[in-house]
Amino acid sequence: MCYCCMQDMVLYLPELIPHLIQCLSDKKALVRSIACWTLSRYAHWVVSQPPDSYLKPLMTELLKRILDSNKRVQEAACSAFATLEEEACTELVPYLSFILDTLVFAFSKYQHKNLLILYDAIGTLADSVGHHLNQPEYIQKLMPPLIQKWNELKDEDKDLFPLLECLSSVATALQSGFLPYCEPVYQRCVTLVQKNLAQAMMYTQHPDQYEAPDKDFMIVALDLLSGLAEGLGAHVEQLVTRSNIMTLLFQCMQDTMPEVRQSSFALLGDLTKACFLHVKPCIAELMPVLGLNLNPEFISVCNNATWAIGEIAMQMGMEMQPFVALVLNNLVEIINRPNTPKTLLENTAITIGRLGYVCPQEVAPMLPQFIRPWCTSLRNIRDNEEKDSAFRGICVMIGVNPGGVVQDFIFFCDAVASWVNPKDDLRDMFYKILHGFKDQVGEDNWQQFSEQFPPLLKERLSACYGV
C-alpha cells in the first residue's frame, strides 16, 4: 500500500480494524478470506499500537482461521499470519506457546498445497523470534511433526524444498536446541548434495541416457547445512568430521549454476566460523576458486565469495599471505566500480580491511587505490564485529604506509567519526593516527585542513579525539 494512502487511512483504523477482525468470523468463507488479506495490509500499524488493543485480538482470530474448515480461508489466514509475524517479531514471544499449538495442530489438518504455506509461516516465526524459540516446551511441540514430515518425504519429492527452508530457519533460531535432531538432518542434506552431483556427472558423460538433475535440491540442502553451521556453531564439528562435506563443497563451488556457487560460498563462510579445523587443509584449493568468483556480474555469488574470503583471513592470520595476491586486485577493482550495490561495497570493504589486518605488508601499498571508496562505504554501517576488524586493518595499514592515506585523509576522519562507541584499543588507534597526522602537518596546516570539515564532523573529532 502506498504511504500517502496509508496516512489517509490512519484516522479510520481504530474503528476499521475491530470491524475487520469481526469479519474474520463471518459465515461466508469469501468474506473471511478477504478479511485475512485486508488485515495483513495493516499489520505494520497494528504492531505499532499497544499489543492488547489490536495485536492480541487479531492474532487470536487469525489463529482460529488457520484452523478454518475452508481451504481457501486456511491459505489466506496462514499467509496473513506470516506477514504479521514479520512485522511483530519479538512482540510475539509472550504468545509463542499458543501460536505453536495452533500451527502444530494445522499439520494434521492441512492438505498438500496449504502445508507448503504452513512451512513458510513456521520458518518466518523462527526468523522473527530467533533464540526465544529455544525453550524445551516449544521444541517438544514443534520438532516432532516437522521431523515426521521430513521422514515421510522421499529424496526426489519437491515438497522437501519448503520443508528444508523452514528447518533452516528453525535450526538457526534453536541453536543448541536443535542438537538432538541435527544428525539425521545433516546426513540427509549431505546425501542430497552427493546424489545431485553424481547425477550431474552421469548426465554430462551420457546426456542421451540420463536426465539433468534438479539442482534446487542441492541449493536448499546447502542452505540448510549453512543454517545448521550457524545455529550449532562449534557443535557442528562432530558432524563434519564424519562426512565428506569438504570434498562435496569443493565440487559445488565450481558448479556452472550461479545459485549453487552462491549457496556453496555461504556454507564455506559458515563452516569457517564454526569449525575452521576442517576448512584449513583445503585452503590452497579453495582460494583460487574464490578468486575466480569475484565477478560483480553475479552479485550474490560475488558477495558470498567476498564474505567467505574475509572470514578465512580472520582465521588464517599471517598464513593468509600466499593467497592475498589471488584476490586483492579483484577486490580493489570492485570497490572502485561505479554503481556497485551497497551490500557488495560494504562486504568488499570489510574483506579488504580484514586482509590488511592479517597481512598489512601485502595490502598497505595499495591504500591510495581504495582508501576513499573504502571510507565512504563503511561510514554508514553500524558498529559491529565485522566493522571492528575492518577498521583495525585500516589502522595497521596506515601504520605501514602513512603516505597512502594523506590525499584522502578527510575521508578517513569522516569514517572514524561514524563510530558510536569503538572498543578502547581501537579508539586509541584512531587517536594516535589523528594526532600523528596533526603533529606532522603542524598546528597551522591542521587548522586550515579542518576548516574544510562539516561542522558536525569537526565537533565530533574534537569531542572524541581532542583534535
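Start by selecting M202, which sits in helix α11, residues 179-205. Helices here are DSSP runs of H or I with at least four residues, strands are E runs of at least two, and numbering goes from the N terminus. Before going on: this is a predicted model, where local features need pLDDT of at least 70 and side-chain atom pairs count only at pLDDT 80 or more, while totals for chains, interfaces and linings use all residues. Residues are numbered from 1 along each chain as its sequence is written, and side-chain values use heavy atoms, with hydrogens and water left out.

**Stop 1: a surface patch**

M202 itself counts as partly exposed because its relative accessibility is 34%. The cut-offs: buried is under 20% relative accessible area, exposed is over 50%, and partly exposed is in between (1.4 Å probe, protein chains only).

**Stop 2: zoom out**

Show the whole chain as a cartoon. The secondary structure comes to 27 helices and 0 strands. The C-alpha trace spans about 80 × 65 × 40 Å along its principal axes. Of the 467 residues, 53% are buried.

**Stop 3**

Go to K71, in helix α6 (residues 71-88). K71 is exposed, because its relative accessibility is 52%. Now pick A29 too: its C-alpha atom is 9.4 Å from that of K71, although the two are 42 residues apart along the chain.

Stay in this helix and select E75, then K113. They form a salt bridge, with the closest N and O atoms 3.3 Å apart. K113 belongs to helix α8 (residues 112-129) and E75 to helix α6, so the pair ties together parts that are 38 residues apart in sequence. K113 counts as exposed at 51% relative accessibility, and E75 as partly exposed at 24%. The salt-bridge rule is a side-chain nitrogen of Lys or Arg within 4 Å of a carboxyl oxygen of Asp or Glu.

**Stop 4**

The structure holds 23 salt bridges. Select E61 and K64, whose side chains meet in one at 2.9 Å, N to O. These two are 3 residues apart in helix α5 (residues 55-66), so about one helical turn separates them. E61 is buried, with a relative accessible area of 17%, whereas K64 is partly exposed at 44%.

Next, K158 and D214. Their side chains form a salt bridge at 3.3 Å, N to O. This pair links distant parts of the chain, 56 residues apart: K158 is in the loop between α9 (136-152) and α10 (160-174), and D214 is in the loop between α11 and α12 (216-232). K158 is exposed at 52% relative accessibility, while D214 is partly exposed at 24%.

For something beyond a pair, select D155, E156, R188 and K195, which are linked in a network of salt bridges.

**Stop 3: the cavities**

How many cavities of 30 Å³ or more are there? The count comes to 2. A cavity is a set of points on a 1 Å grid over the protein atoms alone where a 1.4 Å probe fits but cannot get out; lining residues have an atom within 4 Å of a point. Points are joined across faces, edges and corners, and the volume is the space filled by probe spheres set on them.

The largest cavity holds about 40 Å³ of space. Select its lining: V416, A417, W419, V420, P422, R427, R460, C464 and Y465. Helices α24 (409-417) and α27 (455-465) each give two or more residues to this lining, and α27 has the largest share, 3 residues. By class, the lining has 7 nonpolar, no polar and 2 charged residues. Nonpolar covers Ala, Val, Leu, Ile, Met, Phe, Trp, Tyr, Cys and Pro; charged covers Asp, Glu, Lys and Arg; the others, including Gly, are polar.

Finish at the second largest cavity, with a volume of about 30 Å³. Select Y186, L225, V236, V240, I245, L267 and L271, which line it. This lining has 7 nonpolar, no polar and no charged residues.

Note on methods. On a 1 Å grid over the protein atoms alone, a cavity is a set of points where a 1.4 Å probe fits but cannot get out, and a pocket is an open set with protein on both sides within 12 Å along at least five of seven lines; lining residues have an atom within 4 Å of a point.
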